[in-house]
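Here is my note on the model below. Please read it with the coordinates open.

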Amino acid sequence: MSLGSHSAYEKRVLADALEKAILNQQPEDEVEREIDCLQSTPAEKQALSDLVCHHLRMLTESEWMELAPEADGIKFGDHDGSLEYLHWWDEHEMARDMEIFEEEYALDCALSTPHEVRPQTPSEATFDQNDTTNIPVKLLHLGDDYYTGKSPFGKVYIPRHFADRVRGLIQTRWNKTGGNHGTPTLDGAWMGDISMNVKVMGPHCNLPLRCNRVIDTQ
């Protein structure tokens, strides 16, 4: 592999890798490598060179480096030749990060109202003077020690003592479908949200909200 087209850093890395490989190789390794070199086509040699160059660039580039230039032949699936699919992939990778940002922003805005002007009792998406509010919660996970849910203000910690109430709601809603919606998974449309009264946990907790009371009865 020619070093002519590589930068000084890449040449140094390649030289170090080559020296290490030579020190560790056995006689049969050298024979095998020579046979591979003789039998490989120019296109295969170029592909190997491109792969090594890409690996070297990834040592210094960020995760947002361009996957392939517009003129490159590397493409995924059926497309019109543009790099729009790369932007879609970025959006897909960042989807949950953006959701978290929006949830935290919504929570900050809701809590920005001074306590003295807040209502004394909670209402839908409005915090009271005790930092509690009523919100819809979508169940995410039913663990042995606690449950978790997702709300417009972030994830919700659901203590173990609400287990019977929550599982009762799950069973009631599933029974109403008549079992006609396949496997009873929590993300099914039949499950919907559960209205809960929640309290802000504070920045010291991984889950920003804690369930105080399950409001829904069915």
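**Notes on the predicted model**

1. Five strands close into a barrel, ordered 1-2-3-5-4, with mixed pairing. From one strand to the next, the twist averages 50°. Two strands count as paired if DSSP finds at least two bridges between them. Strands (E, at least two residues) and helices (H or I, at least four) are DSSP runs, numbered from the N terminus. Axes are lines fitted to C-alpha atoms, and angles run from 0 to 180 degrees between N-to-C directions.

2. A word on the basis. This is a predicted model, in which local features need pLDDT of at least 70 and side-chain atom pairs count only at pLDDT 80 or more, while totals for chains, interfaces and linings use all residues. Residues are numbered from 1 along each chain as its sequence is written, and side-chain values use heavy atoms, leaving out hydrogens and water.

3. Strand 1 has two antiparallel pairings to check. With strand 4 it makes six bridges. There, Thr133 is opposite Val198 of strand 4. With strand 2, strand 1 makes four bridges in the antiparallel sense. Lys138 has Lys150 of strand 2 as its bridge partner. Three residues link strand 1 to strand 2 in a hairpin.

4. Strand 2 also pairs with strand 3. The sense is antiparallel, over six bridges. Gly149 faces Val156 of strand 3 across the pairing. These strands form a hairpin too, with two residues between them.

5. Next, the core. A nonpolar core is a set of buried Ala, Val, Leu, Ile, Met, Phe, Trp, Tyr and Cys residues joined through side-chain atoms within 4.5 Å. Buried means under 20% relative accessible area, exposed over 50%, and partly exposed in between (1.4 Å probe, protein chains only). The largest such core has 26 residues, and Leu139, Val156, Ile158, Val166, Ile194, Met196 and Leu209 touch the most other members. Elements giving two or more residues are helix 4 (84–111), strand 1 (132–142), strand 3 (154–159), helix 5 (163–177), strand 4 (194–200) and strand 5 (209–214). Helix 5 contributes the most, with five residues.

6. Which residues does Leu139 touch? Not counting residues up to four places away in sequence, they are Thr148, Gly149, Ile158, Val166, Ile170, Leu186, Met191, Ile194 and Met196. Contact here means heavy atoms within 4.5 Å.

7. There are three aromatic pairs. The rule takes rings of Phe, Tyr and Trp (its six-membered ring) with centres within 6.5 Å; planes under 30 degrees apart are stacked, over 60 edge-to-face, and the rest tilted. The Phe127 and Phe153 rings have centres 5.4 Å apart and planes at 35°, so this pair is tilted. Phe127 sits in the loop between helix 4 and strand 1, and Phe153 in the loop between strand 2 (146–151) and strand 3, so the pair ties together parts 26 residues apart in sequence. Phe127 is buried at 2% relative accessibility, and Phe153 is buried at 7%.

8. Tyr146 and Tyr157 form another tilted aromatic pair, 5.1 Å centre to centre with 40° between the planes. Tyr146 belongs to strand 2 and Tyr157 to strand 3, so the pair ties together parts eleven residues apart in sequence. Tyr146 is partly exposed, at 37% relative accessibility.

9. Last, the cysteines. The disulfide count is zero, taking a disulfide as a pair of cysteine sulfur atoms within 2.5 Å. Cys37 is partly exposed, at 42% relative accessible area. Cys211 is buried, at 2% relative accessibility.
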